[in-house]
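Open the model in your viewer and keep the sequence panel beside it. The stops below go from selection to selection.

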Amino acid sequence: MSDPGTTLSKHQVTCGDGLETLLNDPQDPHDPYETTETHLERLLGRALNSFDLPDSTVERLGTALAHSSALHSSHHSASLHRTTHRHTYLLADGSALSLWELVHNAGRDGAEQHELYTEESEARLAASRLPAGPLPGWTAERADGRVLGEDDDLELLSALLARPIPAQPRMYVPDNSADHARRVLRRAENADRPGERTARRLRLAFAHHITQAFGRHCPVEGGRDAGFTLYEHQFLLLDGSEVSLWEVEHTATPDGRHMCEVYEDEHAARGAMESRSRVR
């Protein structure tokens with residue numbers, strides 16, 4: 001479902017045999033006469049996470065004969081500009097394949113960034129992770145009325161990190177889960193990430209569920225704020241067993257870039273977040 005205030009553009013359809021029909025908004029920046037091959041090269045080339053796309057998807061896209069692009073949703077605020085586009089391709093075997101493109105300015109210096117996903121749910125999840133920016137003039141008080149400072153902020157963060165996730169029913173979704181597990185492990189940058197043994201087990205995953213367990217900004221080295229988010233990726237395997245990967249996303253890096261770390265248990269993931277938040 002589109003965000004409130006969303007406007008849907010008209011479609012742009014380009015056929016590989018030279019028949020082009022321009023039905024889109026006249027201010028659309030895309031060239032209505034570009035071939036599907038050129039469109040795909042441009043789309044994949046500008047996406048920061050194109051390497052995360054399944055190899056099978058990229059191979060199928062190589063047979064695309066025509067494409068259609070449309071604005072799916074948009075959100076604009078003082079600190080965040082975000083749009084989601086749906087690109088649909090007609091393949092040589094007669095089937096259709098869609099890619100979901102998330103465009104936002106949540107990167108460093110507000111530069112526009114592009115991300116690609118094979119499922120709308122993944123694009124929506126990625127959009128929900130984008131920071132809306134700190135609230136100006138935000139303060140908090142203790143019960144005794146004293147305003148919290150940075151040291152108190154760390155104390156509060158530690159307390160929040162120790163809070164367990166409330167029990168909730170597991171709602172697994174069969175959705176190419178083994179490939180999802182492979183992509184989660186591949187983007188992990190920490191040296192103590194799960195090894196080959198866990199990777200082999202997760203090849204048996206046929207359903208999964210993602211839960212956001214924690215999310216907060218706090219000050220780190222250099223007096224700047226860094227964002228911390230913790231996700232549990234829960235997998236149901238063919239043998240009936242369950243495996244979880246705990247993914248930490250943060251910007252507590254020397255240059256403020258986004259970084260992903262993956263752990264096999266919640267305690268290690270929360271310990272990593274607390275350690276990163278104390279780097280001064």
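Throughout this tour, a residue is buried under 20% relative accessible area, exposed over 50%, and partly exposed in between. The model is predicted.

**Whole chain**

Start with everything selected. The protein chain holds 7 helices and 10 strands. Of its 280 residues, 42% are buried. The accessible surface comes to about 15,500 Å², and carbon and sulfur atoms account for 54% of that. Among contacts between residues at least 6 apart in sequence, 55% join residues at least 24 apart.

**A nonpolar surface patch**

Select Leu 204, Phe 206 and Leu 238. Together these residues form a nonpolar patch on the surface, with about 280 Å² of accessible area. Leu 204 sits in the loop between helix H6 (196–202) and strand S7 (205–219). Is Leu 204 buried, partly exposed or exposed? Its relative accessible area is 38%, so Leu 204 counts as partly exposed.

Stay in this part of the sequence and select Arg 203 with Glu 196. The two form a salt bridge, with the closest N and O atoms 2.8 Å apart. Arg 203 is exposed at 54% relative accessibility, whereas Glu 196 is partly exposed at 42%.

**Helix H1**

Now show H1 and colour its residues by accessibility. Thr 36, His 39, Leu 40 and Leu 43 are buried. Why do these four belong to one side of H1? They cover an arc of only 95° around the axis, which puts them on the same side of the helix. In an α-helix there are 3.6 residues a turn, so residues three or four places apart point the same way. Turn the view to the other side of H1, where Glu 37, Glu 41 and Gly 45 are exposed.

**From H1 to S5**

Next, select Arg 46 and Glu 101. A salt bridge joins them, with 2.8 Å between the closest N and O atoms. This pair links distant parts of the chain: Arg 46 belongs to helix H1 (residues 36–46) and Glu 101 to strand S5 (residues 96–104), 55 residues apart. Glu 101 has a relative accessible area of 2% and is therefore buried. Arg 46, at 23%, is partly exposed.

**Inside helix H7**

Move to Arg 270 and Glu 266. Here the salt bridge has its closest N and O atoms 2.7 Å apart. Both residues lie in helix H7 (residues 266–277), 4 residues apart, or about one turn of the helix. Arg 270 is buried, with a relative accessible area of 7%, while Glu 266 is partly exposed at 23%.

**A salt-bridge network**

Select Glu 122, Asp 179, Arg 182 and Arg 183 together. These residues are linked in a network of salt bridges. A search of the whole structure finds 10 salt bridges.

**Val 184**

For the last stop, centre on Val 184, which lies in helix H5 (residues 177–186). At 0% relative accessibility, Val 184 is buried. Which residues does Val 184 touch, not counting those up to four places away in sequence? They are His 233, Leu 245 and Val 262. Draw a distance from the C-alpha of Val 184 to that of Leu 245: the two are 8.3 Å apart in space and 61 residues apart in sequence.

Notes: Residues are numbered from 1 along each chain as its sequence is written. This is a predicted model: local features need pLDDT of at least 70, side-chain atom pairs count only at pLDDT 80 or more; totals for chains, interfaces and linings use all residues. Side-chain values use heavy atoms; hydrogens and water are left out. Patches are made of residues with over 30% relative accessible area and no salt bridge: like charges are joined within 9 Å, nonpolar side chains (Val, Leu, Ile, Met, Phe, Trp, Tyr) within 5 Å. Accessible areas come from the Shrake-Rupley method with a 1.4 Å probe; for residues, only the protein chains shown count as cover. A salt bridge is a side-chain nitrogen of Lys or Arg within 4 Å of a carboxyl oxygen of Asp or Glu. Helices (H or I, at least four residues) and strands (E, at least two) are DSSP runs, numbered from the N terminus. Buried means under 20% relative accessible area, exposed over 50%, partly exposed in between (1.4 Å probe, protein chains only). Contact means heavy atoms within 4.5 Å. The arc is that of the directions from the helix axis to the C-beta atoms.
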